[in-house]
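I opened this model to look up a few strands, a helix and some aromatic rings. Here are my notes, in the order I took them.

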Amino acid sequence: MILFTFALETQGFSTLGSAFPADCKYTDLASGENEEGSNGINLMEFSDEILLHILSYVPCTDLVLNVRKTCRKLATLCLDKSLTHTVLLQKDYKVNKDKVKQLMRDIGKEIYQLNMAGCYWLPSSTTDHVTRCKNLVKLNLSGCRITSLRLSKMLSTLQHLRSLAIDVNPGFDASQLSSECKATLSRVSELKQTLYTPSYGVVPCCTSLEKLLLYFEILDRSREGFMLSGQLMVGESNVPHYQNLRVFYARLAPGYVNQEVVRLYLAVLSDRTPENLHAFLISAPGSFAETGATKNLLDSMARNVRLDALQLPKAWLNGSGLLQHLKFNNPFYFSFSRCTLSGGHLIQRVINGGKDLKSLTSLNLSGCVHCLAPESLFRRAEDDIDSSILESLVVSCCNLRHLNLSAAHHHSSESIGNHLCQLLSRLKHLLSLALPVCSITDVAVSMEKPPTQPNAVPQTFGKKTRVGVQTYPRTLTDQACQKLESSVFWMLMRSLRCLETLEIIGSSFSSAMPRNEPAIRNSLPPCVRAQSVGDSEVAAISQLTYLQSLTLAQLPNIVTGSGLVSIGLQCQHLRTLSLANLGMMGKMVYMSALMDMLKHCKCLRDLRLEQPYFSAGSQFFQALSHCSSLQRLCIVSRSGTLQSDAVMSFMANCLEVIMCHMFMGESLTVCRNLQQSIVRSFQADRPALNVVIFPLLHEDLTEVIRDVPMRHLDEITLFKSRVAEEPPNLWW
């Protein structure tokens, strides 16, 4: 039978809703139904309620195709409605077409919600088996390959469908949708549509829409180099139906074509704004100019609706009095990312001079450089913040769970008790936080000369010293420990023990990894206030027991990286780690500490490293092999090197790895040979395997990037701040 071996430590059952520990797996044991495990506990003696809770952490494919075949009791429990009602395949990287076919055949009629988002490795014909799920209410096929004809055939059988997520790829033809398919779409109230070609997709068929999410990923140029147009294809002139719309969300990738197409979607809204609209969100990078139609839309919204969530392009807000006229009900999400909104306007127009905003749970002020200053007209970006503005924000929005203050210089003054970290420590409900590096330093320390000069290599770097668990406690004297624990950032980390996601990013940091342009060759120097931020601040993060995701970028005073070891030891729930440009740019000074850290990261699933001159050799990959749960690896390194044999050995040892992206300084021949070797050796056993190994500064890098599955590209390969990027629970 199959017995489950669980780590039942207290921290494994976090009250924060942390996922079950990654080392909780089941193993095949040839034994009878009543045989006890090595610890003397017979799994079958547990109550059904406990067993169902345990089984809920097992992938549905394993439950139905394997576990239920072990004994009569598990055969019954594995088909319980609580386990078959919702089937999540979106990160089940071992699932293949045959498993999906068998799963749908066995429990298709019991499935009400099916999530196959990001299953890019499954052939298009896999979706044919979804027709067995006659009772489906919610279906997510984002990132799956599906043609117009297959979509039509599938939707024609799903009469109870109310929520749908799909991709619209080149070649999509709405005229191929049958009348039965359109009848199903007419009942859909929630639609998420990712567009890779100018099109309305299925929006005109969805006459009962209440929630519309649009992701625009249309490139400006074809693979052949031809400029694309934002005009819709012939036969795409049907008008969307927005009369019942409550939520409108649009996220644009860089490019003018995306802007042209989204304007066509907005044109209908400008004619008649839905009365029940309560969330209006447009995320657009760069410059997205306001037009007469969009101005009419915003004026209509100011007159006719009361919003609960708002995000607009910076050009639509900058210099306008829009915020003064918009009305809000019980707002839960605001994003003013990259806007020139001053702190005075933020308090007066959004918070209404200190109005109670306990309903607000997510706030994105990333790149809003003047949001903590009273005025922006004569202020320099590096001037001190006005602590009274931040205090008003903290008091009014006391239930914030997600706060993003990155990509700006938020310098605290010398006033006692008014440091940014001290004020933020009052937000006891925070689950995710993004801060610029210069905001976490103690003012007195930052005014002094930093311990290491960023452009000089200390003499100690000539001799390699092992930095690990054994040496870290000895590096601090009692006096140094006392001074460290009295720092404002240390106290902030101690106050936010429930934090699950933390980003500390240099205000002038920009990734070398491109989106739709060549790789960046030069980076801006870090802020002067950030020069003292280093190992001790990193060590303070280890107090976050429930930390699941950590991003550190452009911390100039990393000398040994010893704080990373503390994080590896204390933050046992860490699943995502992103490190970029730590210490001096000319040398990888924290490699020893990083390798020691990785030996303790048993739950780590995603690792992203961006560091010039990074050497991905055998020692690094041996340490990385200790991360038994690792699934995705991305290394970005200008002038970096790799050892092909070490990479192959790592891939052979870490059986869960399904994504390996390396953008280094190696030649195109070396990269191609290694990529082909990995695919040839491991693709058969890992159907979801995605390998991209390519020179970072090669002119064809953007062409390679466009073929990366959107799931990996958006979640790990591209560097960005993800805190409060979207409203919480935007999609199921």
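The entries below go from strands to a helix and then to rings.

I am working on a predicted model, where local features need pLDDT of at least 70, side-chain atom pairs count only at pLDDT 80 or more, and totals for chains, interfaces and linings use all residues. Residues are numbered from 1 along each chain as its sequence is written, and side-chain values use heavy atoms, with hydrogens and water left out.

**Strand S10.** I took helices (H or I, at least four residues) and strands (E, at least two) as DSSP runs, numbered from the N terminus. I called a residue buried under 20% relative accessible area, exposed over 50% and partly exposed in between, using a 1.4 Å probe and protein chains only. In S10 (residues 279–283), five of the five residues are buried. Ala-279, Leu-281 and Ser-283 point one way, while Phe-280 and Ile-282 point the other way.

Strands pair if DSSP finds at least two bridges between them. S9 (residues 247–252) pairs with S10 in the parallel sense over five bridges, and Tyr-249 has Leu-281 as its bridge partner. S11 (residues 306–311) also runs parallel to S10, joined by three bridges, and here Leu-281 stands opposite Gln-311.

**Helix H5.** Which residues of H5 (residues 97–107) are buried? I found Val-100, Leu-103, Met-104 and Ile-107. They sit on the same side of H5 because they cover an arc of only 95° around the axis, taken from the directions from the helix axis to the C-beta atoms. Counting contact as heavy atoms within 4.5 Å, I noted that their cover includes helices H2 and H4 and strands S3 and S4.

**Aromatic rings.** I paired rings of Phe, Tyr and Trp (its six-membered ring) with centres within 6.5 Å; planes under 30 degrees apart are stacked, over 60 edge-to-face and the rest tilted. The count came to 14 aromatic pairs. Phe-509 and Phe-719 have centres 4.9 Å apart and planes at 70°, so I logged them as edge-to-face. This pair ties together parts that are 210 residues apart in sequence. Phe-509 is buried at 13% relative accessible area, and Phe-719 is buried at 17%. Phe-621 and Phe-650, with centres 5.2 Å apart and planes at 40°, are tilted. Phe-621 lies in H21 and Phe-650 in H22, 29 residues apart.
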